[in-house]
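Please keep the structure in view while reading the points below.

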Amino acid sequence: MLRTIDVSGVRYRVADEGTGPVLLLVHGFPLNHTMWSAQIEEFSETHRVIAPDLRGFGGTDGALYAVSMERYADDLAELLDALQADRPVIFCGLSMGGYIAWQFAARHPEWLGRLILCDTRAAADSAEAAANRLKMADIVSKEGPEPVAWAMMPKLFAPVVTPQQQTLADLVRKMVLETDPVAIAAAHRGMAIRPDVTSLLPNLRFPTLVIVGEHDVISPPQEMRTIADAIPQARFVQIPAAGHLAPMENPAAVNRAISDFLQTTR
Ligand code: MLT
């Protein structure tokens, strides 16, 4: 069921499907909950799957000038409360959704049971990358989402181009172009100031699954393996025939990895 719910002055659009333990799916930048379609379909058979559009994205309003990863994490805790979700939840985030996961784990551990991190990073931006983000935020505010689509599209997918990948790329481009430029700029400004969480990884006490597409150039497999090695209860799965958007590019393999993890951890 796609529902809308008002929480602290923000009107959220959120997919809320199935019953059982809560699986919270947090999308990447600059996308929305529909990137998780294959996971919503599969896991709503056994779980209550909650997949919101983050503040300003998709069908959710409330975009600000800048939104920190901490703010998105607090938004999610408030949203779960408003949805009367059972604790603990399984938090699954992709890329920016993973940056938010670190903050959720630090700020709202009482909500968290298990963590799934897809194609994400623990490191902060370099000074140069942060400066580029701030520049891009200003450009997008003036010109709309097109420049961000141009900058990101070549980095999102595995290199082999099949007709299915082309369809997927068209879908993702459309999703980016339909995103509110204010939300894109706000998230860019938030990601530019996100903290380096590498030193926190050894303190994470949750069963954790780390997933990465073998061709991911934004959060490469070697970097994600290092993240998994630093988290005491983590396992690492590399997804074949996928880049940065592994859950969309190879949903069968990602769903299998998630399903194995859910069945063998508590
Ligand atoms: C994402 O997929 O959320 C982005 O690649 C995150 C980023 O720009 O660092």
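In what follows, Ala, Val, Leu, Ile, Met, Phe, Trp, Tyr, Cys and Pro count as nonpolar, Asp, Glu, Lys and Arg count as charged, and the others, Gly among them, count as polar. The model is predicted, so local features need pLDDT of at least 70 and side-chain atom pairs count only at pLDDT 80 or more, while totals for chains, interfaces and linings use all residues. Residues are numbered from 1 along each chain as its sequence is written, and side-chain values use heavy atoms, with hydrogens and water left out. Helices (H or I, at least four residues) and strands (E, at least two) are DSSP runs, numbered from the N terminus.

**The largest pocket**

- A pocket is an open set of points on a 1 Å grid over the protein atoms alone, with protein on both sides within 12 Å along at least five of seven lines; a cavity is a set of points where a 1.4 Å probe fits but cannot get out, and lining residues have an atom within 4 Å of a point.
- A volume is the space filled by probe spheres set on the points, and grid points are joined across faces, edges and corners.
- The largest pocket holds about 530 Å³ of space.
- Its lining consists of 25 residues, and R133, M152, K155, H188 and I218 are the ones that lie nearest the centre of the pocket.
- In this lining, 15 residues are nonpolar, five are polar and five are charged.
- At least two lining residues come from each of helix 3 (96–107), helix 4 (127–143), helix 5 (146–156) and helix 7 (181–192).
- Helix 5 contributes the most to the lining of the largest pocket, with five residues.

**The cavity**

- Rolling a probe the size of a water molecule over the atoms shows where empty space is left.
- One cavity of 30 Å³ or more is found in a search of the whole structure.
- The largest cavity has a volume of about 40 Å³.
- The residues lining the largest cavity are M69, Y99, W102, Q103, R121, A122, A123, R194, P195 and V197.
- Seven of these lining residues are nonpolar, one is polar and two are charged.
- Helix 3 gives the most to the lining of the largest cavity, with three residues.

**Helix packing**

- Axes are lines fitted to C-alpha atoms, for helices over the stretch in contact, and angles run from 0 to 180 degrees between N-to-C directions.
- Angles under 35 degrees count as roughly parallel, over 145 as roughly antiparallel, 65 to 115 as roughly perpendicular and the rest as oblique.
- The axes of helix 2 (residues 69–82) and helix 3 cross at roughly 70° and come within 8 Å; the two helices are therefore roughly perpendicular to each other.
- In contact (heavy atoms within 4.5 Å), M69, E70, Y72, A73, D74, L76, A77 and L80 of helix 2 meet M96, Y99, I100, Q103, F104 and R107 of helix 3.
- The contact of helix 2 with helix 3 has ten nonpolar residues, one polar and three charged.
- Helix 4 and helix 5 have axes 8 Å apart and pack at an angle of about 135°, which makes helix 4 oblique to helix 5.
- M136, I139, V140 and E143 of helix 4 make this contact with P147, V148 and A151 of helix 5.
- The contact of helix 4 with helix 5 comprises six nonpolar residues, no polar and one charged.
- The axes of helix 5 and helix 6 (residues 163–177) come within 10 Å and cross at roughly 150°; helix 5 and helix 6 are therefore roughly antiparallel to each other.
- E146, V148, A149, M153 and L156 of helix 5 meet A169, V172, R173, V176 and L177 of helix 6.
- Eight residues of the contact of helix 5 with helix 6 are nonpolar, none is polar and two are charged.

**Backbone features**

- Most residues other than glycine have a negative phi, and most peptide bonds are trans.
- F29 and P30 are joined by a cis peptide bond with omega of about -10°, and P30 is in the loop between strand 3 (22–26) and helix 1 (37–43).
- The peptide bond from R87 to P88 is also cis, with omega near -5°; P88 is in the loop between helix 2 and strand 5 (89–94).
- S8 is not a glycine, yet has a positive phi of about 50°; S8 is in the loop between strand 1 (2–7) and strand 2 (10–17).
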